[in-house]
Amino acid sequence: MKRLFAKMGIHNREEFFTVMWQFIKFGIVGVSNTLISLAIYYIFVFISKDLYLWGQVVGWVVSVFNAFYWNNKYVFRSEKTGFRSVLNRLFKTYLTYGATFLLTTVLLYLEVDVWHMSEFIAPLINLLISIPLNFLLNKFWAFKK
């Protein structure tokens, strides 16, 4: 466990609590992302169940921008405020969330069309994978100091 913590930059109790507080703040931002994404998704499904993948895409685009704004301002505060630096973090944020988007979209397709799960439940299950993965990718790559 010590090796895992060391790889995460955690070498003492204070650093552990700092990372845990950061994860909690990331979770708070994530709740707003999830609510935005799911609201958009369910609006599309309400219009037509055949639009569930479109709802996934539009919800993702809007919620990732929300995630970037709050993570940049509140969770992973960066000293670099120049336009190029902000644009670089925005690009990395979309790539990070893009990777998990592709994963959860494939899972959503399999869950709904292949395994015949509810299109209302499947995206909630996918959050168990995407949230921790997004935190790690954002912390150690997109917003790396």
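What does the accessible surface of the protein come to, and what percentage of it belongs to carbon and sulfur atoms? After that, in which helix does Asn66 lie, and which residues does Asn66 touch?

Guide: This is a predicted model, in which local features need pLDDT of at least 70 and side-chain atom pairs count only at pLDDT 80 or more, while totals for chains, interfaces and linings use all residues. Residues are numbered from 1 along each chain as its sequence is written, and side-chain values use heavy atoms, leaving out hydrogens and water.

The accessible surface of the protein comes to about 9,300 Å², calculated by the Shrake-Rupley method with a 1.4 Å probe. Carbon and sulfur atoms account for 72% of that surface. The C-alpha trace spans about 50 × 40 × 20 Å along its principal axes.

The protein has 5 helices and 0 strands (DSSP runs, numbered from the N terminus: H or I of at least four residues for helices, E of at least two for strands). Along the sequence the pattern reads α-α-α-α-α. Of the 145 residues, 37% count as buried (under 20% relative accessible area, with a 1.4 Å probe and protein chains only).

Now the single part. Asn66 lies in helix H3, which covers residues 52–75. Asn66 is buried because its relative accessible area is 14%. Leaving aside residues up to four places away in sequence, Asn66 touches Val29, Ser32, Asn33 and Ile36; a contact means heavy atoms within 4.5 Å. In the protein as a whole, among contacts between residues at least 6 apart in sequence, 71% join residues at least 24 apart.

Notes
Buried < 20%, exposed > 50% of the residue type's maximum accessible area, 1.4 Å probe, protein only.
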